[in-house]
Amino acid sequence: MSLRLVGIAGSFNRPSKTYALVEHIAGLAAANYGFSSKIYDLKDVGPSLGTALWRSELDEQASQVLDDIVKADVLVVGSPTYKGSYPGLFKHLIDLIEPSELRSKPIIISATGGGDRHALIVEHQLRPLFGFFMAHTLPTAVYASDRDFVDYKVVSEALSGRIGSVVDELAAFSFLPSVKATLQAAE
């Protein structure tokens, strides 16, 4: 049974640079470690997210996405930058997760924004958010600006390098069977 990687892009837009970034990171991680992967955005969660005060009030579609997130072995989280932070409905989705459900889970954090002035969203917003859950946010955070994409594809060599670095950091989680097998095969 392969391990599951779930990507969540905190965006409603389609196409979306945030979704493209999460998809790119998840694809590289899946290829390197043999994860099965599924990528979602807030449109996949659906409209019940905006009306649910409690997890039990989510419709079936939103409940399935949330269940996939908490059952994943590895998460790739991406947020668009909205006024210096993540969007409110993205935070609301995360608020519906019990803290114990993300404890010790490896999480790659990423964000997109119009320019460099928003780059600290990953360190000042996303890392503390998932730190509350006692998740393992990987040391390298990935931020991408508009200039890193062409037609919603990653084209920047510098961005590709950061993505490669964070995916390599997953190897530290040798308790993951597929990572352990990959490391043993490389020896």
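Pro 15 is located in the loop that connects strand S1 to helix H1 (17–33), helices (H or I, at least four residues) and strands (E, at least two) being DSSP runs numbered from the N terminus. The peptide bond leading from Arg 14 to Pro 15 is cis, with omega near -5°. The model is predicted, so that local features need pLDDT of at least 70 and side-chain atom pairs count only at pLDDT 80 or more, while totals for chains, interfaces and linings use all residues. Residues are numbered from 1 along each chain as its sequence is written, and side-chain values use heavy atoms, with hydrogens and water left out.

Asp 146 occupies the loop between strands S6 (142–145) and S7 (149–150). Its relative accessibility of 37% places Asp 146 in the partly exposed class (buried, under 20% relative accessible area; exposed, over 50%; partly exposed, in between; 1.4 Å probe, protein chains only). Beyond residues up to four places away in sequence, Asp 146 touches Lys 17, Gly 113 and Gly 114, contact meaning heavy atoms within 4.5 Å. The side chains of Asp 146 and Lys 17 also form a polar contact (3.5 Å), defined as a pair of N or O atoms within 3.5 Å; within protein, one must be able to donate a hydrogen and the other to accept it, and residues adjacent in sequence count only if both atoms are side-chain atoms.

A positive phi of about 50° is found at Lys 83, which is not a glycine. Lys 83 lies in the loop between S3 and H5 and is exposed, at 75% relative accessibility.
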